[in-house]
Amino acid sequence: MARTVLVTGGNRGIGLAIAQAFAKQGDRVAVTHRSGDAPEGLFGVRADVTDSASVDAAFTAVEAELGPVEVLVANAGVTDDTLLMRMTEEQFVRVLDTNLTGAFRCAKRASSKMLRARWGRMIFISSVVGLYGSPGQVNYAASKAGLVGVARSITRELGSRNITANVVAPGFVETDMTAALPEARRADYQKNIPAGRFAAPEEIAGAVTWLASDAAGYISGAVIPVDGGLGMGH
Ligand code: NDP
(Lines give C-alpha, C1' and ligand atoms only; values in the text may rest on other atoms or scores of the structure.)
Protein backbone atom coordinates (compact mmCIF):
# COMPACT_ATOMS: atom_id res chain seq x y z
CA MET A 1 0.00 0.00 0.00
CA ALA A 2 1.34 3.42 -0.97
CA ARG A 3 2.14 5.70 1.99
CA THR A 4 2.82 9.40 2.41
CA VAL A 5 6.45 9.81 3.39
CA LEU A 6 8.30 12.94 4.52
CA VAL A 7 12.10 12.98 4.55
CA THR A 8 13.78 15.98 6.16
CA GLY A 9 16.94 17.13 4.43
CA GLY A 10 15.90 15.04 1.45
CA ASN A 11 17.47 17.23 -1.20
CA ARG A 12 20.90 15.58 -1.12
CA GLY A 13 23.04 12.83 0.39
CA ILE A 14 21.46 10.08 2.46
CA GLY A 15 18.08 11.87 2.64
CA LEU A 16 17.82 12.04 -1.15
CA ALA A 17 18.69 8.34 -1.51
CA ILE A 18 16.00 7.49 1.08
CA ALA A 19 13.40 9.66 -0.68
CA GLN A 20 14.22 8.09 -4.04
CA ALA A 21 13.97 4.57 -2.60
CA PHE A 22 10.46 5.27 -1.26
CA ALA A 23 9.44 6.89 -4.57
CA LYS A 24 10.74 3.86 -6.47
CA GLN A 25 8.44 1.55 -4.50
CA GLY A 26 5.44 3.74 -5.32
CA ASP A 27 5.01 5.82 -2.16
CA ARG A 28 3.99 9.50 -2.17
CA VAL A 29 7.20 11.24 -1.17
CA ALA A 30 7.88 14.76 0.07
CA VAL A 31 11.27 16.14 1.02
CA THR A 32 12.23 19.24 2.92
CA HIS A 33 14.97 21.43 1.58
CA ARG A 34 16.44 24.53 3.20
CA SER A 35 17.86 26.16 0.12
CA GLY A 36 17.94 25.64 -3.65
CA ASP A 37 15.34 23.63 -5.53
CA ALA A 38 13.56 20.40 -4.67
CA PRO A 39 15.12 17.34 -6.32
CA GLU A 40 13.57 16.42 -9.65
CA GLY A 41 10.46 14.27 -9.46
CA LEU A 42 9.91 14.71 -5.71
CA PHE A 43 7.51 17.07 -3.95
CA GLY A 44 9.64 19.60 -2.09
CA VAL A 45 8.79 21.92 0.75
CA ARG A 46 11.12 24.50 2.17
CA ALA A 47 11.84 23.97 5.87
CA ASP A 48 14.42 24.68 8.50
CA VAL A 49 14.13 22.13 11.30
CA THR A 50 15.47 24.62 13.85
CA ASP A 51 12.27 26.64 13.42
CA SER A 52 8.97 25.15 14.69
CA ALA A 53 6.84 27.46 12.53
CA SER A 54 8.76 26.39 9.44
CA VAL A 55 8.33 22.70 10.34
CA ASP A 56 4.61 23.23 10.92
CA ALA A 57 4.21 25.01 7.57
CA ALA A 58 6.06 22.21 5.78
CA PHE A 59 3.78 19.52 7.27
CA THR A 60 0.71 21.60 6.38
CA ALA A 61 1.90 21.90 2.76
CA VAL A 62 2.59 18.15 2.53
CA GLU A 63 -0.80 17.33 4.05
CA ALA A 64 -2.53 19.53 1.47
CA GLU A 65 -0.67 17.97 -1.45
CA LEU A 66 -0.15 14.32 -0.45
CA GLY A 67 -2.21 13.72 2.70
CA PRO A 68 -1.11 13.24 6.33
CA VAL A 69 2.47 12.08 6.86
CA GLU A 70 2.43 8.37 7.64
CA VAL A 71 6.17 7.78 7.51
CA LEU A 72 8.54 10.39 8.95
CA VAL A 73 12.25 10.12 8.28
CA ALA A 74 14.09 12.63 10.48
CA ASN A 75 17.32 12.85 8.53
CA ALA A 76 18.39 16.52 8.51
CA GLY A 77 21.69 16.88 10.32
CA VAL A 78 24.87 18.90 10.62
CA THR A 79 28.34 18.56 12.09
CA ASP A 80 30.52 21.25 13.65
CA ASP A 81 33.58 19.36 14.84
CA THR A 82 36.25 20.51 17.24
CA LEU A 83 37.87 19.21 20.40
CA LEU A 84 35.99 19.60 23.68
CA MET A 85 38.33 22.26 25.05
CA ARG A 86 37.80 24.42 21.97
CA MET A 87 34.08 23.77 21.47
CA THR A 88 31.96 26.79 22.25
CA GLU A 89 28.60 26.46 23.91
CA GLU A 90 27.09 27.95 20.75
CA GLN A 91 28.66 25.14 18.65
CA PHE A 92 27.26 22.53 21.01
CA VAL A 93 23.78 24.00 21.17
CA ARG A 94 23.51 24.64 17.43
CA VAL A 95 24.25 21.02 16.51
CA LEU A 96 21.82 19.76 19.15
CA ASP A 97 19.17 22.20 17.92
CA THR A 98 19.32 20.80 14.37
CA ASN A 99 20.00 17.11 14.95
CA LEU A 100 18.06 16.41 18.15
CA THR A 101 15.55 19.21 18.78
CA GLY A 102 14.89 19.35 15.03
CA ALA A 103 13.92 15.66 15.06
CA PHE A 104 11.74 16.28 18.14
CA ARG A 105 9.93 19.16 16.38
CA CYS A 106 9.14 16.92 13.39
CA ALA A 107 8.11 13.91 15.49
CA LYS A 108 5.81 16.04 17.63
CA ARG A 109 4.16 17.59 14.55
CA ALA A 110 3.77 14.16 12.90
CA SER A 111 2.39 12.42 15.99
CA SER A 112 -1.13 13.89 16.13
CA LYS A 113 -2.03 12.73 12.60
CA MET A 114 -0.39 9.32 13.17
CA LEU A 115 -2.42 8.93 16.38
CA ARG A 116 -5.63 9.81 14.54
CA ALA A 117 -4.77 7.26 11.81
CA ARG A 118 -3.66 4.70 14.40
CA TRP A 119 -0.71 3.98 12.16
CA GLY A 120 2.69 5.57 11.78
CA ARG A 121 6.40 5.00 11.31
CA MET A 122 9.10 7.30 12.63
CA ILE A 123 12.69 6.66 11.62
CA PHE A 124 15.49 8.73 13.09
CA ILE A 125 18.82 8.89 11.28
CA SER A 126 21.45 8.71 13.99
CA SER A 127 25.08 7.66 13.54
CA VAL A 128 27.52 4.99 14.69
CA VAL A 129 29.20 7.88 16.49
CA GLY A 130 26.21 8.30 18.83
CA LEU A 131 27.06 5.16 20.77
CA TYR A 132 30.70 4.65 19.73
CA GLY A 133 31.88 8.19 20.47
CA SER A 134 34.25 10.21 18.37
CA PRO A 135 36.97 12.70 19.26
CA GLY A 136 36.01 16.19 18.12
CA GLN A 137 32.33 15.33 17.97
CA VAL A 138 31.00 15.77 21.51
CA ASN A 139 28.12 17.87 20.16
CA TYR A 140 27.32 15.58 17.22
CA ALA A 141 27.62 12.33 19.23
CA ALA A 142 25.39 13.72 21.99
CA SER A 143 22.75 14.70 19.44
CA LYS A 144 22.84 11.28 17.78
CA ALA A 145 22.76 9.35 21.09
CA GLY A 146 19.80 11.50 22.13
CA LEU A 147 17.78 10.17 19.21
CA VAL A 148 17.86 6.72 20.80
CA GLY A 149 16.10 8.09 23.90
CA VAL A 150 13.61 9.90 21.69
CA ALA A 151 12.72 6.79 19.67
CA ARG A 152 12.47 4.56 22.74
CA SER A 153 10.28 7.01 24.65
CA ILE A 154 7.99 7.44 21.62
CA THR A 155 7.80 3.65 21.42
CA ARG A 156 6.61 3.50 25.03
CA GLU A 157 4.15 6.38 24.53
CA LEU A 158 2.66 5.45 21.17
CA GLY A 159 3.50 1.79 20.66
CA SER A 160 -0.03 0.62 21.44
CA ARG A 161 -1.39 2.77 18.58
CA ASN A 162 0.47 0.93 15.84
CA ILE A 163 3.14 3.61 15.69
CA THR A 164 6.75 2.49 15.64
CA ALA A 165 9.85 4.62 16.23
CA ASN A 166 13.27 3.31 15.31
CA VAL A 167 16.81 4.54 14.86
CA VAL A 168 19.08 3.81 11.91
CA ALA A 169 22.74 4.31 12.79
CA PRO A 170 24.88 4.60 9.66
CA GLY A 171 28.63 4.30 9.68
CA PHE A 172 30.63 6.35 7.19
CA VAL A 173 28.67 7.08 4.03
CA GLU A 174 29.87 8.67 0.79
CA THR A 175 28.17 12.10 0.95
CA ASP A 176 29.14 15.80 1.13
CA MET A 177 29.51 15.36 4.92
CA THR A 178 32.33 12.82 4.60
CA ALA A 179 33.81 14.39 1.43
CA ALA A 180 35.06 17.10 3.78
CA LEU A 181 37.32 14.58 5.62
CA PRO A 182 41.08 14.87 5.03
CA GLU A 183 42.44 11.89 3.02
CA ALA A 184 44.63 10.60 5.88
CA ARG A 185 41.71 10.53 8.31
CA ARG A 186 39.55 8.82 5.75
CA ALA A 187 42.15 6.06 5.25
CA ASP A 188 42.49 5.71 9.01
CA TYR A 189 38.71 5.27 9.47
CA GLN A 190 38.58 2.83 6.57
CA LYS A 191 41.18 0.59 8.27
CA ASN A 192 38.80 0.08 11.21
CA ILE A 193 35.71 -0.77 9.19
CA PRO A 194 35.39 -4.56 8.77
CA ALA A 195 33.71 -4.00 5.38
CA GLY A 196 36.82 -2.05 4.34
CA ARG A 197 34.87 0.75 2.66
CA PHE A 198 32.40 3.57 3.21
CA ALA A 199 28.70 2.91 2.44
CA ALA A 200 26.73 4.14 -0.54
CA PRO A 201 23.69 6.25 0.50
CA GLU A 202 21.42 3.61 -1.08
CA GLU A 203 22.64 1.08 1.48
CA ILE A 204 21.21 3.24 4.28
CA ALA A 205 17.96 3.73 2.34
CA GLY A 206 17.38 -0.04 2.24
CA ALA A 207 17.17 -0.27 6.03
CA VAL A 208 14.88 2.75 6.22
CA THR A 209 12.33 1.54 3.64
CA TRP A 210 12.32 -1.86 5.33
CA LEU A 211 11.60 -0.31 8.77
CA ALA A 212 8.65 1.52 7.20
CA SER A 213 7.28 -1.64 5.62
CA ASP A 214 4.56 -3.90 6.99
CA ALA A 215 7.18 -6.63 7.42
CA ALA A 216 8.85 -4.53 10.16
CA GLY A 217 5.62 -3.67 12.00
CA TYR A 218 6.70 -5.38 15.24
CA ILE A 219 10.10 -3.63 15.41
CA SER A 220 10.15 -0.54 17.59
CA GLY A 221 12.72 1.20 19.77
CA ALA A 222 15.46 -0.60 17.86
CA VAL A 223 18.81 0.78 16.81
CA ILE A 224 19.73 -0.70 13.44
CA PRO A 225 23.41 -0.26 12.60
CA VAL A 226 24.28 0.07 8.91
CA ASP A 227 28.00 0.54 9.37
CA GLY A 228 29.92 -2.31 7.74
CA GLY A 229 30.58 -3.72 11.23
CA LEU A 230 32.36 -0.65 12.60
CA GLY A 231 30.36 -0.35 15.81
CA MET A 232 29.75 -4.05 16.54
CA GLY A 233 28.76 -4.74 20.10
CA HIS A 234 27.92 -1.25 21.23
P1 NDP B 1 24.59 16.12 3.99
O2 NDP B 1 25.45 17.14 4.65
O3 NDP B 1 24.92 15.61 2.63
O4 NDP B 1 23.06 16.62 3.98
C5 NDP B 1 22.49 17.12 5.16
C6 NDP B 1 21.05 17.42 4.89
O7 NDP B 1 20.45 17.98 6.07
C8 NDP B 1 20.88 18.46 3.78
O9 NDP B 1 19.74 18.17 3.04
C10 NDP B 1 20.69 19.74 4.58
O11 NDP B 1 19.98 20.74 3.89
C12 NDP B 1 19.86 19.21 5.74
N13 NDP B 1 19.85 20.15 6.86
C14 NDP B 1 20.88 20.52 7.63
N15 NDP B 1 20.49 21.41 8.54
C16 NDP B 1 19.16 21.60 8.36
C17 NDP B 1 18.17 22.40 8.96
N18 NDP B 1 18.45 23.22 10.00
N19 NDP B 1 16.91 22.34 8.51
C20 NDP B 1 16.60 21.55 7.46
N21 NDP B 1 17.49 20.77 6.83
C22 NDP B 1 18.76 20.80 7.27
O23 NDP B 1 24.53 14.94 5.03
P24 NDP B 1 24.36 13.37 4.86
O25 NDP B 1 23.44 13.04 3.76
O26 NDP B 1 25.71 12.79 4.90
O27 NDP B 1 23.67 13.03 6.27
C28 NDP B 1 22.28 12.85 6.44
C29 NDP B 1 22.05 12.38 7.86
O30 NDP B 1 22.78 11.18 8.07
C31 NDP B 1 22.52 13.38 8.90
O32 NDP B 1 21.63 13.38 10.00
C33 NDP B 1 23.87 12.81 9.32
O34 NDP B 1 24.21 13.20 10.61
C35 NDP B 1 23.61 11.32 9.21
N36 NDP B 1 24.81 10.51 9.05
C37 NDP B 1 25.68 10.71 8.00
C38 NDP B 1 26.81 9.92 7.88
C39 NDP B 1 27.78 10.07 6.77
O40 NDP B 1 28.83 9.40 6.82
N41 NDP B 1 27.54 10.87 5.75
C42 NDP B 1 27.10 8.87 8.85
C43 NDP B 1 26.12 8.73 9.90
C44 NDP B 1 25.03 9.53 9.96
P45 NDP B 1 20.78 21.82 2.94
O46 NDP B 1 21.05 21.12 1.64
O47 NDP B 1 19.83 22.95 2.84
O48 NDP B 1 22.03 22.15 3.68
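This is a predicted model: local features need pLDDT of at least 70, side-chain atom pairs count only at pLDDT 80 or more; totals for chains, interfaces and linings use all residues.
The shell around the ligand consists of ten nonpolar, 16 polar and four charged residues. Good morning.

Which residues come nearest to the ligand? Of the 30 residues around the ligand, they are Gly9, Gly13, Arg34, Gly77 and Thr175. Two or more residues of the shell are given by each of the elements α1 (13-24), β2, α3 and α6 (176-179). Please keep α1, β2 and α3 in mind, for I shall return to them.

Let us turn to the sheet. Seven strands form an open sheet with parallel pairing, and their order is β3-β2-β1-β4-β5-β6-β7. Which strands stand at the edges? They are β3 (43-46) and β7 (223-226). Each of these has a single partner strand, so one side of each is left without a neighbour in the sheet. On average, and with direction ignored, neighbouring strands of this sheet are turned by 20 degrees against each other.

Within the sheet, I would point to one pair. Strand β1 (residues 4-7) and strand β2 (residues 28-33) run parallel and are joined by four bridges. In this part of the model, valine 7 stands opposite valine 31 in β2. Strand β2 is also one of the elements that give two or more residues to the ligand shell.

Helix α5 lies across β5 (120-125), β6 (163-170) and β7, and runs at about 165 degrees to β6.

Now to the helix pairs. In general, two packed helices are described by the angle between their axes and the distance between the axes.

The contact includes Phe92, Leu96, Leu100 and Phe104 of α3, and Tyr140, Leu147, Val150 and Ile154 of α5. By class, the residues of the contact of α3 with α5 divide into 14 nonpolar, six polar and one charged.

The next pair is α1 with helix α8 (residues 201-211), which pack at an angle of about 50 degrees with their axes 8 Å apart. Helices α1 and α8 are therefore oblique to each other, and α1 passes α8 in a right-handed crossing. Among the residues of this contact are Gly13, Ile14 and Ala17 of α1, together with Ile204, Ala205 and Val208 of α8. Nine residues of the contact of α1 with α8 are nonpolar, two are polar and one is charged. Gly13, in this contact, is also one of the residues that come nearest to the ligand.

The remaining pair is helix α2 (residues 52-66) with α3, packed at an angle of about 40 degrees with axes 10 Å apart. Helices α2 and α3 are therefore oblique to each other, and α2 passes α3 in a right-handed crossing. Ser52, Val55, Asp56 and Phe59 of α2 make the contact with Arg105, Cys106 and Arg109 of α3. What classes do these residues belong to? The contact of α2 with α3 has three nonpolar, one polar and three charged residues.

Thank you for your attention.

Notes
Residues are numbered from 1 along each chain as its sequence is written. Two residues are in contact if their C-beta atoms, placed from the backbone, lie within 7 Å. Ala, Val, Leu, Ile, Met, Phe, Trp, Tyr, Cys and Pro count as nonpolar, Asp, Glu, Lys and Arg as charged, and the others, Gly among them, as polar. Two strands pair if DSSP finds at least two bridges between them. Axes are lines fitted to C-alpha atoms, for helices over the stretch in contact, and angles run from 0 to 180 degrees between N-to-C directions. A residue is near a molecule or strand if its C-beta atom, placed from the backbone, lies within 6 Å of it. Angles under 35 degrees count as roughly parallel, over 145 as roughly antiparallel, 65 to 115 as roughly perpendicular and the rest as oblique. A crossing is left-handed if the near helix is turned anticlockwise from the far one by less than a right angle, and right-handed if clockwise.
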